Structure formats: C-alpha cells, structure tokens
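Subject: Structure handover and notes

Dear colleague,

I am passing on the structure we spoke about, with the sequence and coordinates placed just below. My notes on what was found in it follow.

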Amino acid sequence: MRFTKDHEWVAVEGDVATVGITAYAAEQLGDVVFVEVPEVGKTVAQGDGLAVVESVKAASDVYAPVSGEVVEANAELGDAPETVNALPESGGWFAKLKLSNPAEVDALMDRDAYEAFLATL
Amino acid sequence: MSNDDLKKTPLFDAHVAAGARMVPFAGYSMPVQYKDGVLKEHLWTREHAGLFDVSHMGQARLRGENPAKSFEKVVSADYQGLKPGKQRYGVLLNEDGGIIDDLMTARPDDDGLFVVVNGACKDNDYQIIAETLADEATVERLEDRALLALQGPEAAAVLAAHVPEAATMVFMDARALTAFGVDAIISRSGYTGEDGYEISVPADAAERVWNTLLADERVKPIGLGARDSLRLEAGLPLYGHDLDETVSPIEAGLNFAVGKSRREAGDFLGAERITKELAGDLSRIRVNLKVLEGAPAREGAEIADADGNVIGKVTSGGFGPSFGGAIAIGFVPPAYAVIGSQLKVIVRGKPAAAEVVASPFVPTRYVRKL
C-alpha cells in the first residue's frame with residue numbers, strides 16, 4: 001500500500017489500483033454519512049477530484065493519487081457510508097483505477113514514510 | 001488568526017482533558033467534538049442529556065431607569081412587557097430592518113435586564129447597545145461569567161438533583177438564584193429543540209459545575225458540531241449563516257420576534273419594510289428543505305424550481321442524524337414556500353430533488369407547562 005500527503009492510499013494489483021482514504025483521514029473526518037463515488041469509465045489525472053466524502057459537518061474531496069480510468073466504484077458505500085469509518089483501509093475503498101502511468105505509484109510514500117509524515121502533523 | 005490569539009473559555013482545560021478536538025470559533029478555541037464524535041453526541045443529546053460550553057457567547061446586564069424602553073430602540077421584541085422571571089427572544093436591527101444579531105433577554109431578578117448574544121457578534125452588539133442606551137441606561141459586560149447549556153430529555157431530572165427549583169420552571173422562565181453554592185442565572189431554554197437549561201455561573205466555578213453535572217451518567221459533553229446539527233433539525237436559524245444584516249426577521253420567519261405592541265406602534269428600526277413584509281409583501285422567505293436524493297446540500301448551494309431556474313440559496317444544510325437524512329434551511333420567494341413544494345438543490349453542479357417541509361424537522365420537546 002502507498003500513501004499521499006492528502007491521506008489517500010492505493011493498493012496495486014497488476015495494472016489496477018484500489019483507492020481509499022487512510023484510517024487517520026477517516027478519524028479526522030468523523031462519522032461519514034454520504035459518499036459520492038465516480039462513474040465507471042471516467043478518466044482522472046493525478047490530483048483530480050475522484051470522490052466526495054461527507055461527514056455530519058462537512059464535505060471533503062478525495063483526490064486521485066494516481067492517473068487512470070475508473071474501472072469499478074464501491075457501490076456498497078451508497079447504503080453503508082459508515083464503512084469508510086469502520087474499514088477505511090479495506091472495505092471502505094472508493095474506486096479502482098486502471099493505471100495510465102504506473103510510475104506515479106512508486107513516487108508515493110510507503111507505510112513507514114507515511115507514518116513519519118503523520119508524526120509531523 | 002493563529003491559535004495563540006484565540007481566547008479560552010474557563011472550561012478550556014476541561015475540554016482538552018476530555019479529549020476534545022479544539023477549533024477556532026468566534027475568536028475562541030472551542031470543542032467541535034469529543035471522543036464519541038458528532039453523530040453519537042447528537043443522538044445522546046436527543047436521548048439523554050448533553051452538556052455544552054457556550055461561554056463564548058456574550059452575557060450582559062442592562063441597567064437604568066427603564067433599560068427595556070431604551071433597548072427597544074434597537075430590538076423589535078416587546079421587552080417593556082417582559083414579566084419578571086421570563087426570557088424572550090429578540091433581534092437587534094439595523095436601520096433597514098436587517099438583523100445585526102439575534103439574542104435572548106431575560107428579567108431574572110430586579111437588577112435590570114440580562115442579555116445573551118452570539119459570541120462572534122458581541123463586540124459590535126455591545127457597542128451599538130451602549131450607543132443606543134447613551135445616558136439613559138448602562139450596559140455591563142459580564143466577562144467573568146461562564147455559560148453552560150444542559151439539553152435533552154433527561155436534563156430536567158439531572159439539574160433538579162442539584163437545583164430543585166429548576167424543576168418548577170417552564171420553557172423561557174429565567175431566574176437568578178443560588179445554585180451549586182454560587183450566584184447563578186438559570187433559564188429553561190436552549191438551542192437544540194430539546195427541553196433543557198442554560199446556566200450562567202461565575203467563571204471560577206465553571207469547571208466545578210461542569211464536572212458536577214458530568215458526574216451524572218446521563219450527561220455527556222457535546223461539541224459545537226452536534227450543537228449545529230441539533231439546532232438545524234430543530235429548524236432554528238443560526239446567525240452568520242441563515243441570518244445576516246440583509247435578512248429581516250419576517251423573511252427569516254421570526255415574526256414572533258416583532259412584539260405585538262411594537263407592531264401596533266411601528267416604533268422599531270426598519271418599521272416601513274417590516275410592516276410591508278408583515279402584510280405579505282416580501283421577496284424571499286426562509287424554508288425547511290428535505291433533500292430527497294444524493295448528497296447533503298450545504299450552505300451556499302443554489303435552490304432551483306422544478307424547471308431548473310435558480311430561485312434561492314441554501315443557508316445551512318447537512319445531515320440530520322435523528323431525522324435520518326439530508327436537510328437544509330434556505331431562502332426562496334414566497335410562492336415556493338409551501339409545504340410539499342417540489343424544488344431542486346444544486347450540489348456540485350448536479351440538481352437533486354428536494355421538498356419544502358414543515359419546521360421543525362424533528363419535533364421539539366420544550367416543557368411549556370408542568
């Protein structure tokens with residue numbers, strides 16, 4: 001799993017990256033009450049808005065950590081947005097992207113680097 | 001503003017010790033939530049009793065020959081007719097009948113009026129009030145007092161265990177009395193839609209009173225996040241969001257804030273506009289909206305008619321935990337302000353169905369008689 005400074009994670013299998021937000025981000029957001037996931041087929045560049053996650057208090061953007069085409073979105077979050085809080089780094093994923101530039105993944109932080117980054121916040 | 005410039009309420013240390021997430025609000029460092037989070041805190045208040053620190057709000061005494069008469073020059077409520085032991089909502093008006101702030105005024109004893117105003121507005125309010133009272137009456141800011149709100153269906157039983165007299169009060173009663181061993185001003189009111197009290201105590205007693213109330217297992221500390229979702233569900237407008245200097249009390253649906261005797265006399269600021277609006281001549285009015293699909297519509301989202309023409313704006317919105325869905329407060333022309341009216345809210349460029357519903361979203365539980 002790789003991480004961004006915006007607290008997204010990606011897990012790559014073959015040429016598909018699963019994207020979610022980290023446990024730290026989920027804790028900061030608080031209780032998630034609505035998630036807007038992208039439509040399958042949408043193409044995003046690294047840093048583009050990918051999803052929107054809403055807590056009781058506010059809406060927050062989730063940015064694409066890597067570039068690619070959305071091949072699957074987590075439909076379960078429609079009925080169970082609280083999964084983002086319960087399982088942020090597994091069942092609470094937002095979308096799967098077919099990577100258009102796999103090299104972007106290598107430039108992201110690994111777990112140790114991300115933990116070190118969190119320690120500076 | 002850096003965090004160092006933020007003011008602290010007398011309960012700051014207690015919030016930090018309880019694991020609160022502190023955020024800047026109205027110039028103060030305030031708890032937005034504690035460990036349980038906004039959703040659980042909201043639901044706890046609706047089921048049991050929530051304790052809020054609202055010490056950032058302004059507390060003041062107006063004293064003089066007839067402070068209510070002087071005060072009425074800038075507020076539309078009938079405060080000369082306010083009976084001893086009662087509290088009444090009012091709005092501070094500008095010359096155009098726009099709302100400078102909304103406030104609560106009480107006559108808790110024979111020491112003039114006790115006024116509570118919004119934290120973010122208080123400096124400006126006091127300046128206006130002082131200029132208005134001029135040499136007729138005085139305004140004294142009570143900077144050395146804290147304000148706690150205990151809200152929820154179990155609030156009355158909790159407070160009665162410490163202050164038996166509180167059980168003899170009804171909604172909008174306000175009394176100065178000795179409570180927790182100190183001089184307190186207690187009103188049976190709040191801003192959550194629930195039964196409950198607001199308790200003013202000397203700052204140096206605040207932490208002791210806070211901890212005494214929290215020692216009751218029915219009580220949990222509740223942050224500003226849940227305070228906002230609770231008041232939204234109760235259909236209560238919030239200054240700086242639903243109310244501002246362009247909005248009149250009639251547009252805001254606060255007709256009751258313009259006292260009957262005052263309407264007859266027409267002796268308040270903006271009387272020309274407000275009298276016309278009371279007769280039905282107004283361009284927009286506050287409505288409650290239930291968002292029927294998609295994401296919550298937040299402050300600033302546009303409201304459109306069924307054909308997509310923009311007719312207004314959301315001024316507060318979010319998820320109502322007790323309501324169980326997305327709700328919003330906004331302003332639209334009166335023709336659309338009819339219960340059942342089918343409208344749209346534009347969220348991130350996409351129109352979503354919304355319906356005008358009655359206020360409040362969740363039934364209020366004020367105790368109006370014993």
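Two residues are said here to be in contact if their C-beta atoms, placed from the backbone, lie within 7 Å. Please keep in mind throughout that this is a predicted model, with an ipTM of 0.81 and a pTM of 0.93; for chain B the mean pLDDT is 96, and 99% of the residues of chain B reach 70 or more.

I begin with chain B, where UniProt, in an unreviewed entry, places the feature "domain: GCVT N-terminal" at residues 11-260.

In strand β14 of chain B, which covers residues 285-291, one finds B:Leu289, which counts as buried because it has 26 C-beta neighbours inside 10 Å. Once its neighbours within four places in sequence are left aside, the contacts of B:Leu289 include B:Ile327, B:Ala328 and B:Gly330, as well as B:Leu343, B:Val345 and B:Val357. B:Leu93, by comparison, is 196 residues from B:Leu289 in sequence, and their C-alpha atoms are 27 Å apart in space.

Turning to the interface, 13 residues of chain B are in contact with ten residues of chain A. On the chain B side, α2 (38-47), α7 (224-233) and β16 (310-320) each supply at least two of the residues that touch chain A, and by class this side has six nonpolar, five polar and two charged residues. Within α2(B), the residues B:Val38, B:Leu39, B:Glu41, B:His42, B:Thr45 and B:Arg46 are buried, and the buried residues of this helix pack against α7 of chain B and against the strands β2 (28-33), β3 (49-53), β9 (145-151) and β13 (219-221).

On chain A, the residue that I would point out is A:Lys57, which UniProt lists, again in an unreviewed entry, for "modified residue: N6-lipoyllysine". A:Lys57 is found in the loop between β6 (49-55) and β7 (59-63) of chain A, and it counts as buried because 24 C-beta neighbours lie inside 10 Å. Leaving aside its neighbours within four places in sequence, A:Lys57 is in contact with A:Gly30 and, across in chain B, with B:Val38, B:Gly225 and B:Gly318.

Definitions and conventions:
Residues are numbered from 1 along each chain as its sequence is written. Chains are lettered from A and ligands numbered from 1 in the order in which they are written. This is a predicted model: local features need pLDDT of at least 70, side-chain atom pairs count only at pLDDT 80 or more; totals for chains, interfaces and linings use all residues. UniProt positions are given in the numbering used here, feature names are shortened, and annotations may be inferred rather than shown by experiment. Helices (H or I, at least four residues) and strands (E, at least two) are DSSP runs, numbered from the N terminus. Ala, Val, Leu, Ile, Met, Phe, Trp, Tyr, Cys and Pro count as nonpolar, Asp, Glu, Lys and Arg as charged, and the others, Gly among them, as polar. pLDDT is the predictor's confidence in each residue, from 0 to 100. A residue is buried if 20 or more other C-beta atoms lie within 10 Å of its own, exposed if 12 or fewer, and partly exposed in between; C-beta atoms are placed from the backbone.
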